[in-house]
Amino acid sequence: MRRQGWTWAVVFALSAVACREEPPSPAPPGEEPPVRWDVVEPGEALSGGEAGTVTDASARAFSQSLPALTLERRSGFVSGRGVFEIDWIPAPASSSRADRDGLGPLFHAVACMSCHVGNGRTAPPDEPGSTGEGLLIRLSIPGTASNGGPLPEPTYGDQLQPKGVPGVPAEARVVVRHSQLSGTFADGEPFTLLAPEYALEELAHGPPHPDTMLSPRLAQPLHGLGLLAAVPEETVLEWADPDDVNGDGISGRPNRVWSVRRGTQVLGRFGWKANQPDLEQQSAGAFLGDMGLTTPLFPSQPCTPAEQACGDAPSGGAPEVEANRLAALTFYSHAIAVPARRDVDSPEVLRGKALFHRVGCAGCHRPTLTTGPLEEYPELSGQKIRPYTDLLLHDLGEGLADGRPDFEATGREWRTAPLWGIGLTATVNGHTRFLHDGRARSLMEAILWHGGEAEVSREAVKRLSKEERESLLKFLESL
């Protein structure tokens, strides 16, 4: 970090679409011929399997329940959506509104849906010097917390809070500015990329620790999370190759994170760095970190010793979000369906799919998974799904590094982002901004930001003809 008076700035990035080159080769005599990817596969349009796919391609495409839910369980989905949509208010509230007070004292948004608009992805702040509700900043300093995770920054904690209830000062203001990077494809067509810079201004309690590490994060889409929760752990671990034993240049690793419910380290599978073990803990963490709401999992406010007004602020209850509401939101998070693929039989989409495999994107963005049993969610079992992820961590190079470790994830590693539904981003959210901080203005820019294990594939994409690049994008837009 570089100090400029009371302004602290840092540059970061992350990925949404990782690739690697694996050109097909003829099969030796007596062996099976190479798989053909330029044909329609059985059930290919059913991204969430038979029990988890809906055909809605409207602005509500990411907000539908699993079609396999019974009528009774569909009622539970509606109840969970109600919790998701609550606008929380500061405590104490009048008796008529006491069921939704407790917001803050420090917070980022007033409702889950404030950042997860349409259950989709948030757009970043776009104008020079602007801020945005959907962007949050993780904070930590070198070292490891008692649970094995990042060590919070001592003055501002583990997440910067840009808002406070009356009488509690906001921690800081986050300002985003961009510079442009230029390059060209092999055929001479130019491109530009936006490199963001993040500055913390109007710091309420002075400068942070001089070794503070920052990581910007945007809210991710919510569809299909329950299906990913149902992928057996052994499947994820089977794909791990931390030492690249097979020599393909891809060395995916699992993250091991702390489970509050179990009181031990478990496989991480959710979040940009796979730093959350399950959807209950992810929901409880968002309640606390984003809205300042305590739950049975996280019963205490994270006010630091420097934030006396935060510690003295009134509470909305103990906890502020009762167990039944946390359970309702957890059920809702598990039961959101995935939109079906479009145009799977289009010749151009099929050409793009073949290119996706030829340049090796599927080395990390694995097309298919099969779910196993998940306690309390029988609808999710035994589904062949097509999320295009391996749920593993990959080194994506210095250009995308945030420099901030998160449990076993290094400052250069990120979980492979699922690609299902990515082609409906503009329809659901009205923008085409990708990567962890939204710096990519298109899917092609997301690819061009890749490095590390994906560098060979990025260069292979840059060598494609314009027609081939357009076919690749058509395929991604069909997901």
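The legends below describe close-up views of one predicted model.

Residues are numbered from 1 along each chain as its sequence is written, and side-chain values use heavy atoms, with hydrogens and water left out. Because the model is predicted, local features need pLDDT of at least 70 and side-chain atom pairs count only at pLDDT 80 or more, while totals for chains, interfaces and linings use all residues.

**View 1. Helix H6, residues 279–291.** Helices (H or I, at least four residues) and strands (E, at least two) are DSSP runs, numbered from the N terminus. The expected span of a helix is 1.5 Å times one less than its number of residues. For the 13 residues of H6 this should give 18 Å, and the end C-alpha atoms are 17 Å apart, which agrees. Ten of the 13 residues are buried, so H6 is largely enclosed by the rest of the structure. Here buried means under 20% relative accessible area, exposed over 50%, and partly exposed in between (1.4 Å probe, protein chains only). Among the buried residues are Phe287, Leu288 and Met291. Aspartate 278 caps the N-terminal end of H6, with a side-chain oxygen 3.3 Å from the backbone nitrogen of glutamate 280. After H6 comes glycine 292, whose phi is positive, near 65°.

**View 2. Helix H2, residues 71–85.** This helix has 15 residues and reaches 21 Å from its first C-alpha to its last, close to the 21 Å expected. Its buried residues include Phe77, Gly80, Val83 and Phe84. Seen down the axis of H2, the buried residues fall within an arc of 115°, so they line one face of the helix; the arc is that of the directions from the helix axis to the C-beta atoms. On the other side, Leu71 and Glu72 are exposed. The buried residues of H2 pack against helix H3 (112–115), H6 and helix H8 (323–334). Contact means heavy atoms within 4.5 Å.

**View 3. The second largest pocket.** On a 1 Å grid over the protein atoms alone, a pocket is an open set of points where a 1.4 Å probe fits, with protein on both sides within 12 Å along at least five of seven lines; lining residues have an atom within 4 Å of a point. The volume of this pocket is about 730 Å³, which is the space filled by probe spheres set on the points, joined across faces, edges and corners. Of the 26 lining residues, Arg262, Asp278, Glu280, His334 and Leu374 lie nearest the centre. Strand E12 (264–268), H6 and H8 each give two or more residues to the lining, and H8 gives the most, with five.

**View 4. Arginine 404 and serine 215.** Arginine 404 is found in the loop between strand E16 (393–395) and strand E17 (413–415), and at 3% relative accessibility it counts as buried. The side chain of arginine 404 makes a polar contact of 2.9 Å with that of serine 140. A polar contact is a pair of N or O atoms within 3.5 Å; within protein, one must be able to donate a hydrogen and the other to accept it, and residues adjacent in sequence count only if both atoms are side-chain atoms. Arginine 404 is also in contact with serine 215 and Arg217, among others. Serine 215 belongs to strand E10 (residues 213–218) and is buried, at 0% relative accessibility. A polar contact of 2.9 Å joins the side chains of serine 215 and arginine 217.

Technical notes
Lists of a residue's contacts leave out its neighbours within four places in sequence.
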